[in-house]
Amino acid sequence: MTAPEATVVVVDEVEGLAVDGLRWLTGAARETAGGGLAWTTRPSDDEPDPMLYSGTAGNVPVLLEAWRHFGDDSYADAALRAARGIADSIDGIDDDSLYFGRTGMALVLRALHEELGDTAAGAAADRALTLVRSRFDGTRWGELFELMGGNAGIGLGALLAGDAELAVLAMEPYLRTAERTAAGVHWAHRTGIESRLHHLSHGTLGIVLSLARVGVATGRADMVELALAGAADVVARDEAGPEGFLVPHSTPQYRPDVVEPLSYGWCHGPAGDAQVFRLLRDTTADPGWAALADRCWHTVTRSGLPRRLRPGFWDNNGRCCGTAGVLALACDRIAEQQDPYDFAHVLVADLADRAIRDGDGARWSNVEHRATPSDLEPRTGWAMGNAGIVRELLRFVRLSRGGDPRYAFAWPDQPPVPAQATTRRRGTDAVR
C-alpha cells in the first residue's frame, strides 16, 4: 500500500476539480425538442443516450449530488430538465434493463419525483415500469440474465423504484435456473455461453446482491438462502486467501482474447465483490462477510492500482471499471469503519493528475492500449466519464470535512452506509 505521507491532497482543490468537471458535463448537454436536456455518451456522438450506464439517466445523480453539496438550485433545475429528456425516451428504447434500459430510467425518474417533487417524472416512472412488466416472457427480458442487462437489475431497480411485485417477478426465475456447483450455485449470464461469470456486473455476485435485497424486503427467505448459496460458490473460487480475496473473471475464461483473467475494480474484481459482502454483512448476523470485505480491500490496496503497471492493467478512471469505483469503496470504509484516508488520497490525487483541464472545465480520457491513438475521447456518463467521477469526488470532499457520508441518490448496487454512520475522524491529518 502507498504510504500516507507519500500523497498530499488539498480538499479545496479537489472541490474545485469537481466544479470544473460539472462545468464540462453541463456544457456537453443538448436541449431536446420538449425543452429537456439530454447527453450523448461522447460529445462527438450524434444520438442522445438515455441510459443509466452511460447517458442522461446516469448523469442525474451527480446533478442531485451537486445540488445538495453546493446548495445551488441550477443543478436541480438541470436535473428536472433531464427528467423531461428521459421521459421522452421511454417509448423509443428497446431495452428494459437497469443499466441499459427502462428500469434504470424509471429509478432515476422516481428519485426526481421524491427529491424534487416532480410529479411528471413520477408518472413517467410508472409508465416505464408498466412497459417493463408487459415485456416479460415468463422467465426473462432478453439474452442477458444478470445485474446490468437482465433480471437481477430489473428486480433490484423495480424494488427501489417502489414496485415490489415486479421485483419478485423478476427474481423468481433464478430459483429454477440455478445450477448446482461443488460449493453452491451459479447461473449463465446469457444464453448459449459455456463460461460462468463470477462478479458483480455480469456474474453470480450481481444476482446474489439482488436476490438478497429483494428477498429481505419482501420476506422471501428462499431468495435469501439462494443468494447465500451463490456467494458460497464465488468464495470457494478465491485464489488470494487467507488475507486477500481474488477470484478469476470467469470459468472457463470468457473471451480470453480480449478479457483479462483478473481484475480489481467494481465490475469484475474485489472492489465490487466487497460491496456484495457489505450487503450480506448487513443482511445476516455472520461476521464472516465483514472479514471477506476486508480481504477484498487488502487485495485492492496491494494490487498496484491506480498505477498503470502494464498495458491493460489499469486504463480507466471511471466508476465502472476504474479509479472512481475504488474511491467509492474507500469512502464507504472511511464512513463505516473510520479507515484512514491514505489510500483514498492516492486515488484522488491520481484522478487530479489525469484530469484534462481547460476553459471548458475538466474531463478524463481513458486508455485503450490496443488502439492507436490509445487515449480515448472523454465521456460524459456514470460508467466511464465525468458523472461517475465527479460524484465520488464530491463525496470525498464532504467526508474530509466531517460531513454526511450518504449520497443524495443511493446507487442501486452500492449498499448505503447506515444512517448512524459518522465520520468521527476527519481527513485533515493528511490533508494540506
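Ala, Val, Leu, Ile, Met, Phe, Trp, Tyr, Cys and Pro count here as nonpolar, Asp, Glu, Lys and Arg as charged, and the others, Gly among them, as polar. With that sorted, the lining of the second largest pocket comes out as 10 nonpolar, 1 polar and 4 charged residues. The structure is a predicted model, so local features need pLDDT of at least 70 and side-chain atom pairs count only at pLDDT 80 or more, while totals for chains, interfaces and linings use all residues. Residues are numbered from 1 along each chain as its sequence is written, and side-chain values use heavy atoms, with hydrogens and water left out.

On to the pockets themselves. A pocket is an open set of points on a 1 Å grid over the protein atoms alone, where a 1.4 Å probe fits, with protein on both sides within 12 Å along at least five of seven lines; lining residues have an atom within 4 Å of a point. A volume is the space filled by probe spheres set on the points, which are joined across faces, edges and corners. The largest pocket holds about 1200 Å³ of space. Its lining takes in 39 residues, and V258, C267, H268, C321 and R370 sit closest to the centre. Sorted by class, that lining has 19 nonpolar, 11 polar and 9 charged residues.

The second largest pocket has about 270 Å³. Among its 15 lining residues, A111, E114, L160, F409 and A410 lie nearest the centre. Helix α4 (residues 102-116) gives the most to this lining, with 5 residues; helices are DSSP runs of H or I, at least four residues, numbered from the N terminus.

What about the inside of the protein? A nonpolar core is a set of buried Ala, Val, Leu, Ile, Met, Phe, Trp, Tyr and Cys residues joined through side-chain atoms within 4.5 Å. The largest one has 133 residues, and Y99, L393 and F396 touch the most other members. Beyond its neighbours within four places in sequence, L393 is in contact (heavy atoms within 4.5 Å) with V14, L17, A18, L327, V348, L351 and W364.

R278, in helix α11 (residues 270-283), counts as buried because its relative accessibility is 3%. D77, in helix α3 (residues 73-89), counts as partly exposed because its value is 45%. Buried means under 20% relative accessible area, exposed over 50%, and partly exposed in between (1.4 Å probe, protein chains only).

Notes:
Helix = DSSP H or I, 4+ residues; strand = E, 2+ residues; numbered from the N terminus.
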